[in-house]
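Q: Hi! I have a structure open and could use a hand finding my way around. Can we go through a few spots together?

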Amino acid sequence: MKKAPWYQRTHIWSQVNLTENDPAECDPKSYQEYWRRTKTEGVVINCGGIVTYYKSEFPYQYRAKALGEKDYFRLWNEAARQEGLTVVARMDINCTTNTLYEQYPEWYCRNASGEPILSQGRFVACVNGGYYQKFIPKVFEEIIEKYHPDGFADNSWAGSGIGTICYCENCKRLFKEKFGEKLPGRVNWEDSTYRKWVKWNYQLRVDSWRMFNQITQKYGGEDCRWMGMINADPFATGGRFYDIKKLIEGADYIFCDHQSRDRKCGFEQNAVNGNLLRLADRENVIVAESMAHYYKGERTFRLSAASKEEVRTWMMEGIAGQLSVWCHFVGGVTRDPRRFQLTDDILPWISEHKHYLYERKNIARVGVLWNQETSIYYGRDQADVKAAACFRGMTQALSRAGIPFMPVHADDLKKYADRLSVLLLPNVAILSEEQEEAVIDFLRQGRSLILTDETGLYDAEGEWKGPGRLYEELGIYPSREKEGSHYVGKEDWKTSNSHNYVKLLDKEHEIFDFLWNAEVLGFGGEQNHVERLDSNWKKLGTLIPDFPIYPPEFSWIREETDDGSIFCKEEKESRIVYLPADIDRCYGLFHNPDHGKLLGNIVKWATKGQLDCWCEAVFHVNCNVYRTGNKWVIHLVNLAGKEVPEGTLEGTIPLSNVKVRLQGTFGEKAQGIYTGQEYRISKEGTENMVILPVLKEQEILVLSCLCE
């Protein structure tokens, strides 16, 4: 029986990111035992680009210092093929040495003065030049003819970034032909020409992505695919022109270069990464994520092993988001053997349980909408504060509340709407007409809606347009006028302009139940003024303006306003909440626990208590829920005590009496496929409940669903 193509079956990857001394010191066969022991299915092997590890006929490619006459890529390729592994050739085509630059200077990026642009002493090639358009295609052809890799990956394929305008002759000519204008004089978001240049460059990268795939398939056959590695965070792509939705749409395989958590996000981010990328393409496309096994924290040590718990928790969260694992090591020479013992027990377990970890359907009832336009054109050079923090705050609040959710691209709402009962729009400031109509249609079907901040109030270029069709449908009209504080710097006792509050008008409302009848909620943010609203809206909170924080004797409320911070209404079967107050942003930036609990409670209120699955625990447990056939798969990852600086996690705190509540009809028992434990499914009123006496690292519950 013929095997399925590699991109439909390869889930466990290993990459040794080769260094220039490896050809002289490292025998690739020394890794075969590790591949066998860990059930590795594919390897990513350094081949060409910034450093070349094979015998190339092109004299201008920079060769690894210790390469000599050795064909090092061939040795790795042969060792991998002996083990029956998928082989992907890793490229890095962004920069070259002056040897190639001197031969073809017209291929490279130029600044406004006409000088070449350099990065770490190397010359940056322009995506519109012959390096990308002519030379690299010939390199692909050569590698395919010599070694027949299954595919290619590239982690620096996109050229210069959003802050670097290239003034080479090719860019000047092509921009003039397309827009009839000269290139913008400088990076300036207020300049419409610069915004055109940004959009143009995003499309150029999509064109490059497609061109490279056409070339590799032309020379290597239909299954020889090219993958440009991408980051999974649509709000922070490192200044690179990655339009995630357009790049991966229709892709047969995705390589995600998102190696570890960052200082702003918890481990739950990795489950979001997997779900966000898959749902934006085809739900069961394989997404392999590079997971660093070297130390990567506030400082990075490439040759030292990472914290074991750090890597394991990140990997478990990735699997919870249906990511395929891609173990990443730097240097073939092993100077710290601990790096091979961090996750070696997890990998064979993945191989044994693939049928429950992949090819499954996300059945979360809560959707969180996103698009990249909001980050790029509304967020501009403050994308983290204006866009990412809102998404981050909302998704972190959901995770801490034990509520499974789906990150859904705004273009895909109609595709997934039937699964959802509640839709969240965390400051999705830019909505196209089609996206806005999809939200309205969702609402008209009796579903619930939560929107925050300036959702839908800006046009495609990030300019204010005011309330449109969505707000007319809702009967509420925010203005551009803002109140409160947008201060996001470090405070001291004398900084009081963010010392403001929300006054609670209905202390008995269930969204405030954690506040124990408090009259105020610490806020610290800003909000849009609501000019008018229909009578069926209920105002739950108003803004108390800032007042002194120091000395304490001066900390008393000077004035109160009637400006609403929280609004809600019930309309037929729908529950709707509008937060003109940027509580989601504040939580994403400053992590006030009250903000997270409020956001979680708002979502629970909007669902009317009818979530199909949610988790209750004393501390943070991330919960994701899927279905495969008649089986439910509930993935729980213990994140208790893991709010520590990145790279520093030293242990796991076991949790007792973790409860998973379920709606539906199930068998009598749930099987834990990570621990091997069996759990009884009990009844509590109309709900089913599974109690885990102890949750250590993670558990994956498999339940038989007896309903349609």
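A: Happy to! This is a predicted model.

Q: Nice. How much space lies in that second largest pocket?

A: About 860 Å³.

Q: And which helix gives the most to its lining?

A: That's α19, with 6 residues. Among the elements that each supply at least two lining residues are α14 (383-400), α19 (593-607) and β26.

Q: What classes of residue are in the lining?

A: There are 15 nonpolar, 10 polar and 13 charged residues.

Q: You mentioned β26. Where does β26 stand in its sheet?

A: The sheet is an open one of 9 strands with antiparallel pairing, in the order β14-β27-β28-β33-β30-β31-β32-β29-β26. β26 (613-616) is at one edge and β14 (361-362) is at the other; each has a single partner strand, so one side of each has no neighbour in the sheet.

Q: How many bridges link β28 and β33?

A: They pair over 7 bridges, with β28 covering residues 631-638 and β33 covering 698-705. For instance, V637 has Q698 in β33 as its bridge partner.

Q: Which helix lies across β14 and β27?

A: Helix α9 (residues 269-280), and it runs at about 35° to β27.

Q: New topic: is R469 buried or partly exposed?

A: R469 is partly exposed, because its relative accessible area is 32%, between the 20% and 50% cut-offs. This residue belongs to helix α17 (residues 469-474).

Q: What does R469 touch?

A: Leaving out residues up to four places away in sequence, R469 touches E436, E437, I440 and R444.

Methods. Residues numbered from 1 in each chain as written. Predicted model: local features only at pLDDT ≥ 70, side-chain atom pairs only at ≥ 80, totals over all residues. Heavy atoms only, no water. Helix = DSSP H or I, 4+ residues; strand = E, 2+ residues; numbered from the N terminus. Buried < 20%, exposed > 50% of the residue type's maximum accessible area, 1.4 Å probe, protein only. Contact = heavy atoms within 4.5 Å. Pairing = 2+ DSSP bridges. Axes fitted to C-alpha atoms, helices over the stretch in contact; angles between N-to-C directions. 1 Å grid on protein atoms, 1.4 Å probe; cavity = no way out; pocket = protein on both sides within 12 Å on 5 of 7 lines; lining within 4 Å. Points joined across faces, edges and corners; volume = space filled by probe spheres on them. Nonpolar A, V, L, I, M, F, W, Y, C, P; charged D, E, K, R; others polar.
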